[in-house]
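Here's a quick tour for anyone meeting this structure for the first time. Have a look at the model, then read on.

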Amino acid sequence: MRNPITKLLIANRGEIASRIIRTARAMDIATVALYSDADRDAPYVWQADESVRLPGTAPADTYLRADLVLAAASRTGADAVHPGYGFLSENAGFARSCADAGVTFVGPSPEAIVAMGSKIAAKDMMRAAGVPVLPGCTVESEQDENPARLRDAAADIGFPILVKAAFGGGGRGMRIVRTESELVDAVASARREAASAFGDGTVFLEKFVESPRHIEVQIFGDRYGTVVHLGERECSIQRRYQKIIEEAPSTAVDETLRDELGRSAVAAGKALAYEGAGTVEFVMAPDGSFYFLEVNTRLQVEHPVTELVTGIDLVRAQLQVAAGEPLPPEMIDTAPRGHAIEVRLYAEDVAAGFIPVSGTLTTLEFPEFDGIRVDAGFTSGSRVSTFYDPMLAKVIGYGATRDEACARVARALTETKIHGVTTNRDLLVAILREPEFRRGAIDTGYLERHDPAQLMAGIGTQDAVATHALMAAVAAQADRRARTPVLPGLPSGWRTLPSQDQMVSYVCGEDTLEVRYRFSHGTLSASVGDWHPHIRIISAADTLVDAEVDGVRRRYHVTRSGSAHHVDSSLGTSTLTEAERFPDPSAMQEAGSLLAPMPGSVVRIEVGQGAEVAAGAAIVVLEAMKMEHTVRAPVDGVVATISVAAGDQVESGQVLAVVSDGQS
């Protein structure tokens with residue numbers, strides 16, 4: 001029986017909400033957005049036809065409140081709910097509640113969600129369906145954490161072992177354990193993180209496959225019993241078990257292996273009587289053998305790469321199937337055409353260990369050219385909060401070949417203007433251009449073999465930073481000159497004592513750059529540290545400097561936000577913070593201060609005041625964006641001060657504790 005959808009409520013946020021709205025509008029389906037207080041100015045809110053506020057900021061108070069979501073559907077007259085991914089997308093109780101309320105849930109049946117909601121039960125079902133699985137054991141309670149039981153289970157499985165949350169994904173509640181001494185702490189930590197992220201601390205242990213590839217297969221089913229697969233995606237480039245680059249097809253999968261993977265994925269779907277979009281995930285060993293990981297009973301973050309190589313709008317197909325229509329004919333027999341690459345652009349500090357960051361995006365502008373698609377959840381002026389996943393956008397490139405797709409995405413990223421928050425953009429560009437990646441020689445350990453700092457070493461070189469510092473100074477001087485009310489006809493930087501240089505210092509990362517410059521008779525002489533370039537200014541304004549440096553002419557775009565100067569050119573992007581000329585001594589931190597690397601909440605204090613600790617010892621554990629982050633002692637010493645308590649909310653840079661090296 002068909003049940004047309006006329007108004008769709010999107011029970012999600014960010015880029016996936018925008019993505020769903022885009023297709024719904026093309027199908028002439030009215031849309032309703034939900035927004036928390038933190039998202040009130042997000043782009044998807046005004047992209048929808050209507051929106052409803054969910055008071056609060058934390059997910060548990062907003063997007064995870066099924067009662068509020070259904071109340072919003074009732075209030076707006078929505079006859080269907082699309083859950084996107086995350087939040088309530090794999091919540092069987094919510095799917096049932098939608099049915100009870102007479103609202104169409106755009107997703108599989110509650111029974112399918114329940115069957116796959118527990119990775120343990122899912123493995124049993126898949127084993128029965130003939131899908132290859134790995135052996136393992138379950139840890140559901142504190143009693144199951146008994147060290148002797150864990151050691152016995154580990155002996156049966158064999159190291160290395162993967163500890164993984166039973167009810168969730170995204171790398172949360174996941175640890176790799178290589179020795180028996182790590183096992184108990186890893187299980188306890190994974191259980192805490194799983195409980196925080198998914199409301200259930202159950203984890204399971206299974207054999208960890210060395211140098212594996214993460215391969216997943218897109219499946220689609222309808223209520224008439226048809227289940228098909230739309231090919232595989234390669235998702236092996238990961239950090240903290242979270243995918244950052246995905247592609248279709250995989251360089252490791254030939255037609256024979258694609259058929260085997262597809263048949264296993266379809267068998268999984270038929271065992272579930274699956275309806276709608278789903279993804280069967282496999283871990284694949286170097287010899288091509290593969291084993292079931294899980295079924296994600298929802299749309300995946302990386303669905304665009306499948307859309308680009310098949311030409312099928314998966315959200316449209318979801319809405320059609322949810323309305324009772326059979327699978328469209330073009331989905332019955334598909335094969336990949338060309339190649340697609342997706343990168344996830346995150347607000348995070350790669351150099352600090354992929355720590356998520358928050359702040360205001362003063363600028364976020366993506367270039368437009370053939371073969372590039374951008375699914376973004378933010379725009380210039382958007383605030384990146386600490387309450388949700390720090391993904392800013394997905395940049396997807398399509399080409400006739402993999403090299404073409406890689407090149408397009410790399411170029412799109414380099415031409416993207418991002419100011420205000422630190423991102424992983426440089427790492428993504430470096431990976432896309434790295435020879436081993438370009439050969440397709442990848443696995444989930446890629447970023448363990450390739451130090452991110454080394455990968456990014458060629459991006460944003462010191463020469464580029466120095467040049468950008470100089471141009472920031474020139475733009476600032478041009479701005480001051482343009483705004484001066486006194487003798488505006490004088491040339492910029494005019495002095496009665498022409499021998500005197502003007503000077504400004506900028507901080508970029510851990511480096512401080514001292515810029516000295518002097519205008520004399522229409523020419524500019526300048527230096528940055530020991531570098532004395534030959535410079536000719538063609539034109540200069542507060543936002544754009546056209547200059548020739550050592551014989552090469554470039555245009556430098558300058559954006560300022562407070563003391564931060566963002567400079568973009570063909571050399572790359574630099575963010576320079578103008579140093580205070582007369583800093584306040586009282587603002588300096590006590591030696592040995594441990595600072596919060598990001599805003600978050602204090603989960604635990606691992607030591608007491610006065611305790612002796614070794615370098616690397618855990619002092620404070622924070623939680624931010626549903627991940628635990630441990631702040632450790634930088635040196636051997638004594639914990640002189642503990643400045644926070646469990647449950648405290650802290651800001652980035654706040655002093656958590658002070659560790660004395662014992663020498664004072």
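Predicted model: local features only at pLDDT ≥ 70, side-chain atom pairs only at ≥ 80, totals over all residues.

Residues are numbered from 1 along each chain as its sequence is written, and side-chain values use heavy atoms, leaving out hydrogens and water.

Buried residues make up 53% of the 664 in the protein chain; buried means under 20% relative accessible area, exposed means over 50%, and partly exposed is in between (1.4 Å probe, protein chains only). The C-alpha atoms fill a box of roughly 85 × 60 × 50 Å along the principal axes. You'll find 17 helices and 39 strands in the protein chain, taken as DSSP runs numbered from the N terminus (helices are H or I with at least four residues, strands E with at least two).

Now zoom in on one helix pair. Helix 5 (residues 110-117) and helix 6 (residues 119-128) have axes that come within 5 Å and cross at roughly 100 degrees; the axes are lines fitted to C-alpha atoms, for helices over the stretch in contact, with angles running from 0 to 180 degrees between N-to-C directions. The two helices are therefore roughly perpendicular, a label for angles of 65 to 115 degrees. Ala115, Met116 and Gly117 of helix 5 meet Lys119, Ala121, Ala122, Met125 and Met126 of helix 6, where contact means heavy atoms within 4.5 Å.

| Residue | Phi | Relative accessibility |
|---|---|---|
| Aspartate 28 | about 60 degrees | 69%, exposed |
| Arginine 240 | near 55 degrees | 33%, partly exposed |

Aspartate 28 sits in the loop between helix 1 (14-26) and strand 2 (30-36), and arginine 240 in the loop between strand 11 (227-239) and strand 12.

There are cis peptide bonds as well: one runs from phenylalanine 159 to proline 160, with omega near 0 degrees, and another joins alanine 248 and proline 249, with omega about -5 degrees.

Methods:
Parallel < 35°, antiparallel > 145°, perpendicular 65-115°, else oblique.
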